[in-house]
Amino acid sequence: MAKTPRTWTGARSPSGLKRVRQAQRRREVLQPRRSAAKTYVAKALTVAANPSASTIDPDAALAEALSALDRAAKTGAIHPNAAARRKSRLTRKVNAALGGEHVQSGTRVVKTTGKAAAAKAAKARIAAGKSAKAKGAQTAAGKARAALSKSARAEAAAEAAAKAESSATATKAAPAKAAPVKKAPAPKAAPKATAKAPTKKPAAKADKS
């Protein structure tokens, strides 16, 4: 536990004290950017209200204020949506103060991308660079071979398409064959009755007596 007086009402645990230190460092970095954005915005409004009293061009002051808001949003001092809202309101106020003499729109749109999307885009750029380096500059002979192979592939594809078309037309033009007619089986003749000869019984032998 951290050694703190009993009257201390803030963080006491090491993790809580670390959070306090992190917030303080973050404030030291981001607060000047917030203050600069507010200063430039107030300056642009003042110049637009009295353009003749100041030596600064209202358009230049407005562009500087918009850039300050963009920088603050890029570093995370303010939310990108808040920066866009403030830029829109400032632009409308300046245009209204100038009476429509100058029409100034936002300089650029702040687009924030996540770490995963940025890493993916970086990998894609590296892969594209490697492929370009591996391919290198082609010679005249290499270009000729590539053109020849390309023309050969095109001719082969054309021949295959022509063969497919010819086979399709041949199948369409061929007359349909008549289905074979099955003949009815002939009726079988009735079997002829065969007369059996009567079997002769053996004559009884006379008794010898």
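**Exercise 1. Determine the handedness with which H1 and H3 cross, and describe their packing.**

Solution. The crossing of H1 and H3 is left-handed, a term used when the near helix is turned anticlockwise from the far one by less than a right angle. The contact (heavy atoms within 4.5 Å) is made by Val-41, Ala-44, Leu-45, Ala-48 and Ala-49 on H1, together with Leu-90, Lys-93, Val-94 and Ala-97 on H3. Sorted by class, the contact has eight nonpolar residues, no polar ones and one charged residue; Ala, Val, Leu, Ile, Met, Phe, Trp, Tyr, Cys and Pro count as nonpolar, Asp, Glu, Lys and Arg as charged, and the others, Gly among them, as polar.

This is a predicted model, in which local features need pLDDT of at least 70 and side-chain atom pairs count only at pLDDT 80 or more, whereas totals for chains, interfaces and linings use all residues. Residues are numbered from 1 along each chain as its sequence is written, and side-chain values use heavy atoms, with hydrogens and water left out.

**Exercise 2. Find the angle at which helix H1 and helix H3 pack, and classify it.**

Solution. Helix H1 spans residues 14-49 and helix H3 residues 80-97, and they pack at an angle of about 15° with their axes 8 Å apart. H1 and H3 are therefore roughly parallel to each other, the class for angles under 35 degrees.

**Exercise 3. State how many helices and strands the chain has, and what share of its residues is buried.**

Solution. The chain has five helices and zero strands, where helices are DSSP runs (H or I) of at least four residues and strands (E) of at least two. Of the 209 residues, 13% are buried, that is, under 20% relative accessible area with a 1.4 Å probe, protein chains only.

Conventions. Axes fitted to C-alpha atoms, helices over the stretch in contact; angles between N-to-C directions. Parallel < 35°, antiparallel > 145°, perpendicular 65-115°, else oblique. Buried < 20%, exposed > 50% of the residue type's maximum accessible area, 1.4 Å probe, protein only.
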